[in-house]
Amino acid sequence: MSESKTKIFRLEEVKKNKNSKSTWVVIHNSVYNVTEFLNEHPGGEEVLLEQAGRDASEAFEDVGHSSDAREMMEKYKIGELAEEDRVKTERKPQAWSSDASSASSKDNNWNAWLIPVVIGIVTIVLYKYLS
Ligand code: HEM
């Protein structure tokens with residue numbers, strides 16, 4: 001019967017379901033409607049809403065979900081992502097690996113240094129002043 005055919009969704013459509021009234025996520029090219037699961041998710045609804053309407057595969061794997069969690073997901077699966085919208089499993093070029101951004105990442109390093117140094121100086125001054 002045609003009912004058993006897997007439904008195919010475009011990413012455009014998934015993107016429309018990113019609020020607490022309708023929450024869809026894409027994990028490994030499958031589309032899940034987790035609206036009913038928001039309240040039950042042991043990791044909280046916040047993280048699901050954060051990933052809603054997009055590909056949450058990486059976030060999902062980063063958590064190291066148990067096999068129980070993976071079994072649970074099947075209940076919420078509503079279909080699969082259209083072939084055209086699938087992301088290849090090979091690594092995408094990351095912003096940090098491109099030449100253009102390496103200059104700005106040096107700037108970021110500077111900021112990262114500056115803040116603790118300023119906090120240190122302020123602490124020393126305050127300590128001397130108060131003692
Ligand atoms: C249908 C999809 C999902 C299901 C069925 C699911 C299920 C679960 C379950 C059962 C747990 C408890 C721990 C475990 O058994 O692994 C959990 C924890 C968690 N999940 Fe999910 N999850 C889903 C999607 C996501 C997504 C997209 C994120 C995005 C970051 C996420 C983030 C977390 C976090 C942060 C925890 C807490 C881990 C901890 O306390 O150590 N989950 N989830």
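How many helices and how many strands are there in the protein? There are five helices and five strands, where helices (H or I, at least four residues) and strands (E, at least two) are DSSP runs numbered from the N terminus. Read along the sequence, these elements follow the pattern β-α-β-β-β-α-α-α-β-α. The model is a predicted one, in which local features need pLDDT of at least 70 and side-chain atom pairs count only at pLDDT 80 or more, while totals for chains, interfaces and linings use all residues. Residues are numbered from 1 along each chain as its sequence is written, and side-chain values use heavy atoms, with hydrogens and water left out. Of the 131 residues of the protein, 26% count as buried; buried means under 20% relative accessible area, exposed means over 50%, and partly exposed lies in between, with a 1.4 Å probe and protein chains only.

The shell around the ligand holds 18 residues, of which H41, P42, G43, H65 and S66 come nearest; a residue belongs here if one of its heavy atoms lies within 4 Å of the molecule. Several polar contacts can be followed in the model, a polar contact being a pair of N or O atoms within 3.5 Å, where, within protein, one must be able to donate a hydrogen and the other to accept it, and residues adjacent in sequence count only if both atoms are side-chain atoms. A polar side-chain atom of H41 lies 2.7 Å from a nitrogen atom of the ligand, and a polar side-chain atom of H65 likewise lies 2.7 Å from a nitrogen atom of the ligand. In the side chain of S66, an N or O atom is 2.5 Å from an oxygen atom of the ligand. Helix 2 (45–51), helix 3 (57–63) and helix 4 (67–73) are the elements that give two or more residues to this shell. By residue class, the shell divides into 13 nonpolar, five polar and no charged residues; Ala, Val, Leu, Ile, Met, Phe, Trp, Tyr, Cys and Pro count as nonpolar, Asp, Glu, Lys and Arg as charged, and the others, Gly among them, as polar.

Which space does the ligand take? It is the second largest pocket, in the sense that a molecule sits in a cavity or pocket if more than half of its atoms lie within 2 Å of its grid points. Rolling a probe the size of a water molecule over the atoms shows where empty space is left. On a 1 Å grid over the protein atoms alone, a cavity is a set of points where a 1.4 Å probe fits but cannot get out, whereas a pocket is an open set with protein on both sides within 12 Å along at least five of seven lines, and lining residues have an atom within 4 Å of a point. About 440 Å³ of space lies in the second largest pocket, with grid points joined across faces, edges and corners and the volume taken as the space filled by probe spheres set on the points. Of the 23 residues that line this pocket, F37, H41, L48, F60 and H65 are the closest to its centre. Strand 3 (22–27), helix 2, helix 3 and helix 4 are the elements that give two or more residues to the lining, which divides into 16 nonpolar, five polar and two charged residues.

V63, in helix 3, is exposed because its relative accessible area is 58%, and its C-alpha atom is separated by 9.3 Å from that of G43, 20 residues apart along the chain. M72, in helix 4, counts as partly exposed at 38% relative accessibility; M72 and F37 are 35 residues apart in sequence and 10.0 Å apart in space, C-alpha to C-alpha.

Finally, the loop between strand 3 and strand 4 (30–33) contains H28, which has a positive phi of about 45° although it is not a glycine. N29, found in that loop, has a positive phi of about 65° and is not a glycine either. H28 is partly exposed, with a relative accessible area of 47%, whereas N29 is buried, with 19%.
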